[in-house]
Amino acid sequence: MTDLNPGAFGKKSLDNLEIDTLVVGAGQAGVAMSEHLTQQGVPHIVLEKSRIAEAWRTGRWDSLVANGPAWHDRFPNMEFPVGPDDFPHKEQVADYFVAYAKQFNAPIRTGVEVKKVTRNEGRPGFTVETSEGTIQALRIVSATGPFQRPVIPAIAPKDEGLYQIHSAKYYNPQQLPEGAVLVIGAGSSGVQIADELNRAGKKTYLSVGAHDRPPRAYRNRDFVWWLGVLGLWDAEEVQPGREHVTIAVSGARGGETIDFRRLANEGITLTGLTKSFEGGKVTFQDDLVANLKAGDDNYLGLLDAADAYIERNGLDLPLEPEARKVFADAECIRHPIQELNLADAGITAIIWATGYAVDFNWLQVDAFDDKGKPKHQRGVSREPGVYFVGLPWLSRRGSTFIWGVWHDAKHVAGHIATQRRYVEYQDASQREGSVPKAASWE
Ligand SMILES: Cc1cc2nc3c(=O)[nH]c(=O)nc-3n(C[C@H](O)[C@H](O)[C@H](O)COP(=O)(O)OP(=O)(O)OC[C@H]3O[C@@H](n4cnc5c(N)ncnc54)[C@H](O)[C@@H]3O)c2cc1C
């Protein structure tokens, strides 16, 4: 086997390379994977079609900061060059992963796309077609991200006069045309974008579906701490019926709790889930009040769980009764809009903050169910030699988050190292044939 020496960022030809493990993608998942494979002594290469952590550079809006504080949303072996309770800007997050990869001289090759992976017949491993030639790999780790293909639902109007983008293509308020904007989806992206547009003086409508909205902080602890000590990051499966419940959090302006009632009082017009577009009109489901109530229940439930934890453990954390203050309902909550004429409302733009899908067209192996969903156990696929990291709920709720993927990558690298030991095993006759006895005992 030719080992592409960790000259890492070098430019050796890839064509005909033979490597033990190929990691596809160099976001945080690929970097974490490379670190653990390095520690396990597994020869590998990481191929990235763009740049390291590209999603943090060009797949996010300009003002985005991390949703979690720097002490928490990081890998264990390096800190951010900001205060522990600060929320690093997205460029600092990308810089962090570049610096992290350099720290252990990760064998990452950027600007190379993996186009097709197929299993070899009658011999081990996989044939990999890349934009820089064909390589052979015994193992493939897909680290191509949880959020690969922006999804805009089929209900999107065909009206060419409307400016419509997915949140992945939103950068700043200046890119939008004059007029009002409808943001559809109120997870962390939609709600932060709507807030930014409203603050920039745009008339903003925000369509709100089912969501969780943990307090940013409560009794001197960030919610990431509460989810940690309460064991909620480690939840292994989405509770049935909650698959479409998004989480609304923000690190903007030093971190603040998402409170839809406050946003409505600040001028954002909230609506229920977007139902359809027809004849220049948009209709909404009559579920705004119910969605806000469920979000409040989630919020208050976490406060209650935190209080109980403090009590049980006799912790000395200050009381915070003001966290239970409820803002008055604005007109849009008292009388939710069911239907809106886009032209009358002056809406010239729609931002679809409606999430992402995965795209595994390049991975042509038997690792998926009939809906195209990867079948795996903690990242170890049912197709021997194929692995996944960074997928939602790969092992737990935290799997797509920076700190979570690092732990999943460790598990996957451990599995690969174990498999390599099985392959390297030699029975007695092989050992006798290949290893001079005297030499091995001296
Ligand atoms: C708006 C937003 C904010 C977020 N904020 C936080 C946060 O504050 N804290 C946190 O912990 N998490 C956050 N996340 C979640 C998560 O950390 C990010 O989505 C992160 O980018 C996921 O990292 P990844 O490495 O799994 O995937 P990605 O960052 O998407 O990396 C995958 C890489 O694979 C490459 N690739 C794909 N296909 C191929 C191919 N065929 N060949 C070669 N390369 C390929 C891509 O170019 C890409 O660079 C946020 C997510 C979003 C959308």
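Gln-364 counts as partly exposed because 13 C-beta neighbours lie inside 10 Å; by the rule used here, a residue is buried if 20 or more other C-beta atoms lie within 10 Å of its own, exposed if 12 or fewer, and partly exposed in between, with C-beta atoms placed from the backbone. This is a predicted model, in which local features need pLDDT of at least 70 and side-chain atom pairs count only at pLDDT 80 or more, while totals for chains, interfaces and linings use all residues. Residues are numbered from 1 along each chain as its sequence is written.

**Surroundings of Gln-364**

- Gln-364 is placed in the loop that connects strand E20 (356-357) with strand E21 (376-377); helices (H or I, at least four residues) and strands (E, at least two) are DSSP runs, numbered from the N terminus.
- Leaving aside residues up to four places away in sequence, Gln-364 touches Lys-116, Val-117 and Thr-118, where contact means that the C-beta atoms of two residues, placed from the backbone, lie within 7 Å.
- Although Gln-364 and Ile-351 are 13 residues apart along the chain, their C-alpha atoms are separated by 33 Å.

**The parallel sheet**

- An open sheet is formed by 5 strands in the order E8-E19-E9-E10-E15, with parallel pairing; two strands are taken to pair if DSSP finds at least two bridges between them.
- At the edges of this sheet are strand E8 (163-166) and strand E15 (269-271), each of which pairs on one side only.
- Neighbouring strands of this sheet are turned against each other by 20 degrees on average, direction ignored; for angles in general, axes are lines fitted to C-alpha atoms, for helices over the stretch in contact, and values run from 0 to 180 degrees between N-to-C directions.
- Strand E9 (residues 180-184) pairs with strand E19 (residues 347-352) in the parallel sense over 5 bridges, and within this pairing Val-183 stands opposite Ile-351, while Leu-182 stands opposite Ile-350.
- E8 and E19 also pair in the parallel sense, over 4 bridges, with Tyr-163 standing opposite Ala-349 in E19.
- E19 is mostly covered, given that 5 of its 6 residues are buried.
- Helix H4 (residues 188-199) lies across E9, strand E10 (204-207) and E19, and runs at about 165 degrees to E10.

**The antiparallel sheet**

- A further open sheet has 3 strands in the order E16-E17-E18, and the pairing is antiparallel.
- Its edge strands are strand E16 (274-278) and strand E18 (339-341), each pairing on one side only, and the twist averages 20 degrees from one strand to the next.
- E16 and strand E17 (residues 281-284) pair in the antiparallel sense over 4 bridges; in E17, Phe-284 is the bridge partner of Thr-274.

**Domains**

- The domain assignment of the protein chain gives domain 1 (6-148 + 358-431) and domain 2 (161-352), with bounds that come from an automatic or database domain assignment.
- The centres of domain 1 and domain 2, taken over C-alpha atoms, are separated by 32 Å.
- In the interface between them, 16 residues of domain 1 are in contact with 21 residues of domain 2.
- The side of domain 1 that touches domain 2 has 6 nonpolar, 7 polar and 3 charged residues, where Ala, Val, Leu, Ile, Met, Phe, Trp, Tyr, Cys and Pro count as nonpolar, Asp, Glu, Lys and Arg as charged, and the others, Gly among them, as polar.

**The ligand shell**

- The ligand is surrounded by 33 residues, the closest being Gly-25, Gly-27, Gly-145, Gly-390 and Phe-401; a residue is near a molecule or strand if its C-beta atom, placed from the backbone, lies within 6 Å of it.
- At least two residues of this shell are supplied by each of helix H1 (28-39), strand E2 (44-48), helix H2 (54-58) and helix H9 (402-424).
- By class, the shell residues divide into 15 nonpolar, 12 polar and 6 charged.

**Other single residues**

- Arg-219, which is not a glycine, has a positive phi of about 50 degrees; Arg-219 sits in the loop between strand E12 (217-218) and strand E13 (221-222), and counts as partly exposed because 17 C-beta neighbours lie inside 10 Å.
- Trp-393, also not a glycine, has a positive phi of about 55 degrees, and is found in the loop between strand E23 (386-388) and H9.
- Glu-311 lies in helix H7 (residues 288-313) and is exposed, with 9 other C-beta atoms within 10 Å.
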